[in-house]
Amino acid sequence: MESPELSFTLAYVVLSFCFVFTPNEFRSAGLTIQNLFSSWLGSEDVGFIQYHIRRTSITIVVHSALPLGYYMGMCVAAPEKNLVNIYQVGDSWRAFLLLSLCLQSVSWIIVFYWSRRRWHNHPISKVLQAHVQPPFSSWGSVAVSINTEFRHIDKFATGAPGARVIVTDTWVLKVTTYHIYMALQSDCHVTVTESTQHHLSPDSASPTEILTLRVDSINPAVTPFNIKYVLSRQNSTSRVKTKRNQIVFPTRSRLNSAEYAELREKLRAPIRNSPNVVIHRTLGELFLETFKAQVDLNQPYALPHGQELEPCIGCMQVPANAKLVTLCHEAETDDDDSDCQQCHCRPMWCLLCLGRWFASRLDEQTPETWLSSRVPCPTCRAKFCILDVCAVQ
């Protein structure tokens with residue numbers, strides 16, 4: 001039978017590893033720094049920079065206390081060792097306790113040093129100071145800019161708390177456990193430096209691709225950083241779920257192909273590929289590209305005078321710039337299910353969301369019929385084909 005000492009050691013190592021590298025199960029149970037110290041950390045939406053300055057500080061203190069927690073736990077799990085009396089324990093346990101106390105003391109000293117002059121010495125503050133140039137007069141004004149843009153609903157954000165990638169209109173941010181990397185969009189360029197294809201994934205039955213994106217800035221004071229994305233190559237023709245007038249595409253705790261497209265749209269500069277790096281695309285992605293190219297060839301729709309474009313009800317981020325008009329000259333009767341039907345809906349969808357809707361209604365087993373297929377309008381259910389989709393002018 002295993003000894004209590006060994007059982008406790010194995011359990012503590014596993015729990016500590018999961019606490020530092022938080023899996024989804026721990027995150028769902030609320031066993032994270034963000035949740036346990038939420039009352040002290042405050043709101044990320046109110047003060048993004050201040051929140052992560054506090055979060056990284058408390059993270060260092062808590063993580064450095066894990067060895068000391070192990071020693072205290074062993075005092076209970078193995079009372080026969082009499083670890084409470086430090087004068088009677090062996091030299092190895094006494095050295096372990098001393099190192100644990102030193103590690104905890106050093107972490108508090110570091111955090112105290114960071115907090116001086118209103119956290120001026122914190123590494124995140126140092127990164128902000130690297131961006132002090134017109135129009136920013138101080139690192140505080142840089143923090144205000146990031147805080148303001150983080151509150152915008154049109155930002156791109158993916159990843160778990162403490163390991164996120166955020167792209168706003170002005171900034172590219174990478175949030176890690178102990179730090180935040182940032183770069184001005186106007187000063188940086190993004191390059192795909194590595195691409196690895198995996199046909200098996202523990203989280204998805206579909207193939208995955210790991211991309212390494214390097215963010216470099218023309219500002220020499222800004223440290224370049226890498227962003228690793230696990231692209232879930234789930235076919236874009238997978239069924240779409242709708243909820244409260246919004247299209248919610250099935251996603252996991254990874255970046256799927258649709259989100260990668262959103263990232264490219266949010267970045268001002270194009271994502272460049274290094275030589276010999278190939279990003280594989282699914283049939284669904286190729287279809288959406290062909291869908292958009294065909295719509296550009298179709299007759300545009302002239303918006304009636306006085307009518308204004310409303311936001312797309314699918315993404316609520318861009319104006320509804322697509323209209324269904326029967327142009328394929330095959331709608332001879334509305335009774336035949338194989339024919340296109342006239343749609344009387346006003347422009348309510350953007351081209352990308354309409355293309356995703358079209359793709360979600362297709363038969364994945366017969367890709368050769370996709371371009372000639374007809375699907376119902378997402379609003380009125382009138383059937384249409386690609387030739388009936390018009391760009392709004």
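Which residue of strand 2 stands opposite A160? A163 does, and the points below set this pair in the context of the whole chain.

1. Basis of the note. The structure is a predicted model, in which local features need pLDDT of at least 70 and side-chain atom pairs count only at pLDDT 80 or more, while totals for chains, interfaces and linings use all residues. Residues are numbered from 1 along each chain as its sequence is written, and side-chain values use heavy atoms, with hydrogens and water left out.

2. Overall composition. The chain contains 12 helices and 15 strands; helices (H or I, at least four residues) and strands (E, at least two) are DSSP runs numbered from the N terminus. Of its 393 residues, 44% are buried, where buried means under 20% relative accessible area, exposed over 50%, and partly exposed in between (1.4 Å probe, protein chains only). The chain exposes about 21,500 Å², of which carbon and sulfur atoms supply 58%; accessible areas come from the Shrake-Rupley method with a 1.4 Å probe, and for residues only the protein chains shown count as cover. Among contacts (heavy atoms within 4.5 Å) with a separation of 6 or more, 62% join residues 24 or more positions apart.

3. Strand 1 (residues 156-160) and strand 2 (residues 163-167) pair in the antiparallel sense over 5 bridges; two strands count as paired if DSSP finds at least two bridges between them. Besides A160 with A163, G159 stands opposite R164, and A157 has I166 as its bridge partner. The hairpin has 2 residues between the strands, and G162 takes a positive phi near 85 degrees.

4. Strand 2 and its surroundings. Strand 2 and strand 3 run antiparallel and are joined by 4 bridges, with V172 of strand 3 as the bridge partner of V167. These two strands form a hairpin with 3 residues between them. Strand 2 is largely enclosed by the rest of the structure because 4 of its 5 residues are buried.

5. R27 is placed in helix 2 (residues 24-29). Its relative accessibility is 27%, so R27 counts as partly exposed. Not counting residues up to four places away in sequence, R27 touches T22, T32, A160 and P161. R27 and P161 are 134 residues apart along the chain, yet their C-alpha atoms are separated by 9.2 Å.

6. Nonpolar cores. A nonpolar core is a set of buried Ala, Val, Leu, Ile, Met, Phe, Trp, Tyr and Cys residues joined through side-chain atoms within 4.5 Å. The largest has 26 residues, of which F287, F291, L324, L354, F358, F384 and V389 touch the most other members. Helix 11 (283-297), strand 12 (322-324) and helix 12 (351-360) each supply at least two residues of this core, and helix 12 gives the most, with 6. Leaving aside neighbours within four places in sequence, L324 is in contact with Q342, C343, L354, C377, F384, D388 and V389. A second, separate core of 20 residues includes A130, V172, Y229 and Y260.

7. Annotated spans. An unreviewed UniProt entry carries the annotation "transmembrane region" for residues 6-22, 56-73 and 93-114; such annotations may be inferred rather than shown by experiment, with positions given in the numbering used here and feature names shortened. In the model, residues 56-73 are 94% helix and 0% strand, with end C-alpha atoms 25 Å apart. Residues 93-114 are 100% helix and 0% strand, and their end C-alpha atoms lie 32 Å apart.
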